[in-house]
Amino acid sequence: MNHDFASSLTLIAPELVLTGAGLILLVWAAFFGDRHATGISIAAVAALAAAAALTSLAPADGGDIFAGLASSDAFSTFAHVLIYFAAAVAIIIAPRFFRAHTPGGHGLMRAEYPILIVFAALGMGLMVSATDLMTLYVGLEMNSLAAYVLASFIRTDTRSAEAGLKYFVLGALASGILLYGMSLLYGFSGTTGFAGIAAAMDADFSGGLVFGLVFVLAGLAFKISAVPFHMWTPDVYEGAPTPVTAFFASAPKVAAMALTVRVCIEAFGPTTFDWQQIVIFLALASTILGAVGAIGQRNIKRLLAYSSINNVGFALVGLAAGSQAGVAATMSYMAVYVVMTLGSFLCVLQLRDANGAYVEDIARMAGLGKARPGLVAALAIFMFSLAGIPPLFGFWPKFLVFDAAVRADLLPLAAIAAVSSVISAFYYLKVIKTMYFDEAGDDAPDWDRASHPVESGLIGFTAAIVSPLGYLAIPALAFVSGNAALALFP
Amino acid sequence: MIQTIAFYLFATLVIASGALTVFARNPVHSVLWLILAFFNAAGLMILLGAEFIAMLLIIVYVGAVAVLFLFVVMMLDVDFAQLRAGFVRYLPLGALLAIVLAIEIIFAIGAWQAGAIDMGARIAPVAADVSNTHAIGQLLYTRYIFLFEAAGIILLVAMVGAIVLTHRTRGGVKPQDIGRQNRRRPEDATRLTRPESGQGVEL
């Protein structure tokens with residue numbers, strides 16, 4: 001048992017770094033307060049970078065952690081790096097936003113923000129490497145609890161408080177559903193380990209296990225906000241502070257999607273035909289509703305919320321294929337999606353008027369193309385890419401998931417998803433049209449033209465990745481996502 | 001024989017105090033009946049040989065949860081008569097839920113009777129020669145130490161969250177600063193003057 005502990009501890013080194021960093025930063029924040037928020041943010045980003053470096057250095061086939069509670073493999077490494085990247089961006093973009101929102105204008109961010117993000121990233125790391133229902137649940141709750149608090153972080157703002165409360169109540173309901181499913185799986189298979197559940201399902205896929213599978217998938221669908229469990233998404237995304245929304249739309253989505261993939265493949269592997277039907281339904285409903293629901297939206301954050309629902313649907317198309325190529329496509333999709341989404345939210349964060357108030361109303365953005373040409377060009381790149389229009393990199397993962405679905409004889413699914421992708425192109429293009437071609441109305445804000453070097457750099461970096469330059473990264477992306485998928489298919 | 005008597009005694013009291021929890025008019029009495037129900041449930045657990053769960057019921061549920069309920073009920077000004085006003089209106093929904101629960105219980109018992117649950121797949125078999133408190137402790141601090149510590153972090157996050165969302169620095173309070181009090185010397189605070197008669201003092 002002892003030498004097993006030592007090897008397990010080496011394999012969870014990234015988690016240990018994040019835990020240690022979180023605790024130290026918490027004490028730092030307790031002693032020095034919000035005055036040191038900048039230093040704490042920098043340290044938190046450094047800790048996330050260190051954790052990402054440690055994960056990528058870990059052996060690709062690290063194996064079991066603590067006798068099968070979690071697993072360190074190429075799949076978890078891939079998801080870890082994405083999550084830590086998204087979490088670090090969410091910390092970097094926050095101070096300027098919160099400075100504009102502090103009552104009394106003392107110009108400080110709360111020091112707890114980076115700390116909560118670090119703990120959320122820790123929980124998400126546990127989620128993606130979980131190979132046991134208990135690890136899964138502990139990771140999920142760690143991430144969710146931090147997320148509920150982050151959603152209502154500006155507690156003087158009623159919209160933010162409402163977002164937090166809504167997220168909390170619905171999240172608790174989803175956790176309940178998930179736990180009920182997990183208890184059924186445990187009761188009927190006698191184990192909480194994924195391998196054991198797969199063995200039990202292989203032997204006898206009886207009534208209790210079917211119920212367990214359905215409830216667990218329903219709970220997970222809530223966490224990735226797939227239709228019909230998406231109702232909270234637009235409200236929470238609109239109400240939460242914009243950096244937090246950017247965080248919600250990126251890191252937890254990757255974590256929950258990776259978790260869903262791992263549960264479907266590793267725990268429910270022998271019953272592919274059964275979960276496939278559920279995933280196909282989730283994928284279809286999400287792509288269609290995500291595309292149609294966004295058309296009437298006037299608020300850019302709500303629009304991006306529907307866009308995230310739509311994108312989750314496309315990622316699920318890859319999983320629905322149930323093949324190794326499908327899983328690789330899903331992971332590639334999430335990687336590109338994170339970059340596109342973070343880029344879009346970075347652009348939204350720049351949209352402020354001369355008084356420092358943020359503009360979220362799409363109609364008021366008319367004429368922005370003349371005021372901030374560089375910013376609008378970047379936003380146009382992200383929108384075209386999210387729509388999946390070919391020269392841009394957003395097209396590539398869409399092609400991969402459709403290809404995987406067609407190869408798995410799911411041609412109708414791929415066709416309907418492609419049609420909904422065309423519908424979704426409408427609202428992405430509408431945003432671009434408003435900004436470039438509409439005349440500025442009387443209520444057009446006096447735009448703040450100052451740019452922030454770090455945020456502009458990040459916008460440039462993410463825009464470069466999703467621009468046609470991104471195609472240069474295809475071999476590398478295909479290699480790592482292929483390895484990640486291979487880790488799930490023994 | 002004595003076990004059978006004890007079982008029926010505890011079981012009857014659990015059901016009776018459970019019913020009285022629901023039907024008591026005074027909410028404080030409800031909570032007190034709930035505490036009695038917990039005590040009797042703990043007795044049932046001891047009869048089953050699950051002494052650890054019995055202790056948890058007493059320490060956690062009676063010691064912490066129920067007392068917390070009691071404080072909440074006594075301190076919040078909740079009009080319970082008004083809360084119960086919708087009883088008839090929600091009766092169909094409540095009855096539906098009760099039926100669903102009953103079906104689930106029958107389903108679970110049926111599955112249990114059929115013997116389909118193979119506990120042989122259990123990853124940590126119970127050792128025969130140790131008490132179950134000992135066995136739980138041994139697993140919790142060795143095999144599951146990872147999850148145990150992670151659960152600790154979750155509680156920490158919850159605590160940080162509660163403080164972030166509710167704590168605010170209030171103006172107008174007069175905190176005691178012992179360092180400052182000790183640093184204050186008599187000459188800072190007192191002044192000796194010899195006022196002329198009829199002139200008064202300047203303060």
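User: What makes A:Ala67 count as partly exposed?

Analyst: A residue is buried if 20 or more other C-beta atoms, placed from the backbone, lie within 10 Å of its own, exposed if 12 or fewer, and partly exposed in between. A:Ala67 has 18 C-beta neighbours inside 10 Å, so the label is partly exposed. This is a predicted model, in which local features need pLDDT of at least 70 and side-chain atom pairs count only at pLDDT 80 or more, whereas totals for chains, interfaces and linings use all residues. Residues are numbered from 1 along each chain as its sequence is written, and chains are lettered from A and ligands numbered from 1 in the order in which they are written.

User: Where does A:Ala67 lie, and what is its phi?

Analyst: A:Ala67 sits in the loop between strand S1 (63–65) and strand S2 (70–72) of chain A. Its phi is positive, about 50°, although the residue is not a glycine. Most residues other than glycine have a negative phi. Strands (E, at least two residues) and helices (H or I, at least four) are DSSP runs, numbered from the N terminus.

User: Is A:Asp409 buried or exposed?

Analyst: A:Asp409 has 9 other C-beta atoms within 10 Å and is therefore exposed. A:Asp409 also has a positive phi, near 60°, in a residue other than glycine. Its place is the loop between helix H18 (395–407) and H19 of chain A.

User: Why is H14(A) called roughly antiparallel to H19(A)?

Analyst: The axes of helix H14 (residues 300–321) and helix H19 (residues 411–437) of chain A come within 11 Å and cross at roughly 160°. Axes are lines fitted to C-alpha atoms, for helices over the stretch in contact, and angles run from 0 to 180 degrees between N-to-C directions. Angles under 35 degrees count as roughly parallel, over 145 as roughly antiparallel, 65 to 115 as roughly perpendicular and the rest as oblique. The crossing angle therefore makes H14(A) roughly antiparallel to H19(A).

User: Which residues of H14(A) and H19(A) meet, and how do they divide by class?

Analyst: From H14(A), A:Leu303, A:Asn310, A:Gly313, A:Phe314, A:Val317 and A:Ala320 meet A:Leu413, A:Ala414, A:Ala417, A:Ser424 and A:Tyr427 of H19(A). Two residues are in contact if their C-beta atoms, placed from the backbone, lie within 7 Å. The residues of this contact comprise 8 nonpolar, 3 polar and no charged. Ala, Val, Leu, Ile, Met, Phe, Trp, Tyr, Cys and Pro count as nonpolar, Asp, Glu, Lys and Arg as charged, and the others, Gly among them, as polar.

User: Which peptide bond is cis?

Analyst: The bond joining A:Val227 and A:Pro228 is cis, with omega about 5°. A:Pro228 belongs to the loop between helix H10 (207–223) and helix H11 (232–239) of chain A. Most peptide bonds are trans.

User: How many residues of chain A are in contact with chain B?

Analyst: In chain A, 34 residues are in contact with 23 residues of chain B. H7(A) gives the most to the side of chain A that touches chain B, with 9 residues. By class, that side has 19 nonpolar, 11 polar and 4 charged residues.

User: What is the secondary structure of chain B?

Analyst: Chain B has 9 helices and 0 strands. Of its 203 residues, 9% count as buried.
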